[in-house]
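Please examine the sequence and the three-dimensional structure shown below before reading on.

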Amino acid sequence: MNYDVIIVGGGPAGLAAGLYTARMNLKAVLVDRGALGGQLLNTELVEDYPGFETILGSELATKMGDHARKFGLEVRDFEPVLEIDVEGNTKVVRLESGEELRAPALIMAAGGLPRYLGIPGEKEFWGRGVSYCAVCDGAFFKGQELAVVGGGDAAVEEGDFLTRYASRVHIIHRRNELRAQPILIDRARANVKIDFILEAAVKEISGTEKVHAVHYEQGGQTKELNVGGVFIFVGFVPNSGLFKVHVDHDEAGYILTGRDLQTSVEGIWAVGDVRAQLTKQIATAVGDGTTAAVAASMYVTSLKDAARA
Ligand code: NAP
């Protein structure tokens with residue numbers, strides 16, 4: 001199937017790109033391996049997106065999807081992408097279903113996946129006490145003590161969220177200083193159900209049928225904490241591996257972009273959490289999607305003009 005623009009990923013960055021490209025009358029398709037919304041679906045309340053003092057992540061996702069569809073964006077959700085290739089000037093997206101989508105322009109908005117700790121017990125107890133999503137799994141831990149691993153925005157914000165179910169949340173961080181924004185730290189510190197275990201390296205998660213304990217090293221001593229669950233928020237691995245063709249990226253796999261967010265490959269833009277940038281916020285993702293959509297539109301128009309001349 002041929003398009004003007006293919007957008008890979010249906011989080012805020014991809015949906016903004018979809019809205020703009022469709023509204024500029026381009027033949028645009030957006031593919032996502034799951035439901036529309038990306039990280040919004042793992043977020044309970046959004047309160048830092050201008051214009052929405054507070055809104056559920058899932059509700060904002062639905063609104064963004066509906067808004068983009070309204071302008072004619074073709075949405076293919078639950079359609080996993082196998083790989084992205086380039087043939088001459090054409091960008092080729094091969095779906096796991098075997099179908100191929102082709103277009104001169106491609107906007108990569110595939111975000112990323114949670115980083116794993118890589119410790120004993122993490123894989124074994126995944127879904128049996130180990131989780132990477134508080135909104136998805138928090139309610140299974142009513143009245144239990146939980147450990148949250150990490151010191152960034154996600155760990156502190158999700159730790160705070162988990163106290164609506166858990167009797168106590170222990171946030172375990174490897175350094176003495178948290179990386180999270182001060183407003184999130186202040187809120188967590190004011191929450192009587194939260195305590196911080198700092199300069200502690202988590203070494204193992206243990207249990208029988210389910211998680212019973214987390215083991216960490218602190219000040220040269222090995223300690224054990226009895227918990228019913230361990231929520232891990234130690235960062236994010238960008239989904240840049242879908243490219244079959246080389247696209248410049250940094251050492252962590254984040255795609256490098258220029259001024260208008262084009263990558264090292266002409267006709268491919270990268271937006272949102274998959275690209276190297278200072279911050280990963282909904283507002284910046286939406287801005288990225290907008291910039292790339294306008295640049296992609298100019299690119300497609302120039303190709304059409306050149307073909308007509
Ligand atoms: P992050 O900011 O990269 O923080 C990851 C945390 O995990 C850091 O504290 C890091 O420790 C720790 N860590 C990394 N590898 C570890 C390991 N192997 N063992 C133990 N600890 C480890 O990731 P994030 O919190 O998932 O956030 C990702 C992005 O989303 C950020 O840009 C964030 O701003 C954004 N976000 C924003 C909000 C919001 O604005 N409300 C909410 C969630 C996420 P060190 O500090 O020692 O490096």
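This report describes selected helices and the surroundings of the ligand.

## Basis of the report

The model is predicted: local features need pLDDT of at least 70, side-chain atom pairs count only at pLDDT 80 or more, and totals for chains, interfaces and linings use all residues. Residues are numbered from 1 along each chain as its sequence is written, and side-chain values use heavy atoms, with hydrogens and water left out.

## Helix α2

Helix α2 comprises 14 residues, 57-70. Helices (H or I, at least four residues) and strands (E, at least two) are DSSP runs, numbered from the N terminus. From its first C-alpha to its last, α2 reaches 20 Å, close to the 20 Å expected at 1.5 Å a residue; the expected span is 1.5 Å times one less than the number of residues.

The buried residues of α2 are Gly 57, Leu 60, Ala 61, Met 64, Gly 65 and Ala 68. Because they cover an arc of only 135° around the axis, they lie on the same side of α2. The arc is that of the directions from the helix axis to the C-beta atoms. Buried means under 20% relative accessible area, exposed over 50%, and partly exposed in between (1.4 Å probe, protein chains only). The cover over the buried residues of α2 includes α1 (12-23), β3 (45-46), β4 (55-56) and α6 (282-308), where contact means heavy atoms within 4.5 Å. Just after α2, Gly 72 has a positive phi of about 100°.

## Thr 290 in helix α6

Thr 290 belongs to helix α6. Thr 290 counts as buried because its relative accessibility is 19%. Apart from neighbours within four places in sequence, Thr 290 is in contact with Ala 16 and Tyr 20.

## Helix α5

In helix α5 (residues 182-189), the residues Leu 184, Ile 185 and Ala 188 are buried. They cover an arc of only 100° around the axis, which puts them on the same side of α5. The face turned away from this buried side carries the exposed residues Pro 182, Ile 183 and Asp 186. What covers the buried residues of α5 includes α4 (153-162) and β14 (194-197).

## The ligand

A polar contact is a pair of N or O atoms within 3.5 Å. A polar side-chain atom of Glu 157 is 3.0 Å from a nitrogen atom of the ligand, and a polar side-chain atom of Arg 174 is 2.9 Å from an oxygen atom of the ligand. The protein covers 77% of the 910 Å² of accessible area that the ligand has on its own (Shrake-Rupley method, 1.4 Å probe).

Notes. A polar contact is a pair of N or O atoms within 3.5 Å; within protein, one must be able to donate a hydrogen and the other to accept it, and residues adjacent in sequence count only if both atoms are side-chain atoms.
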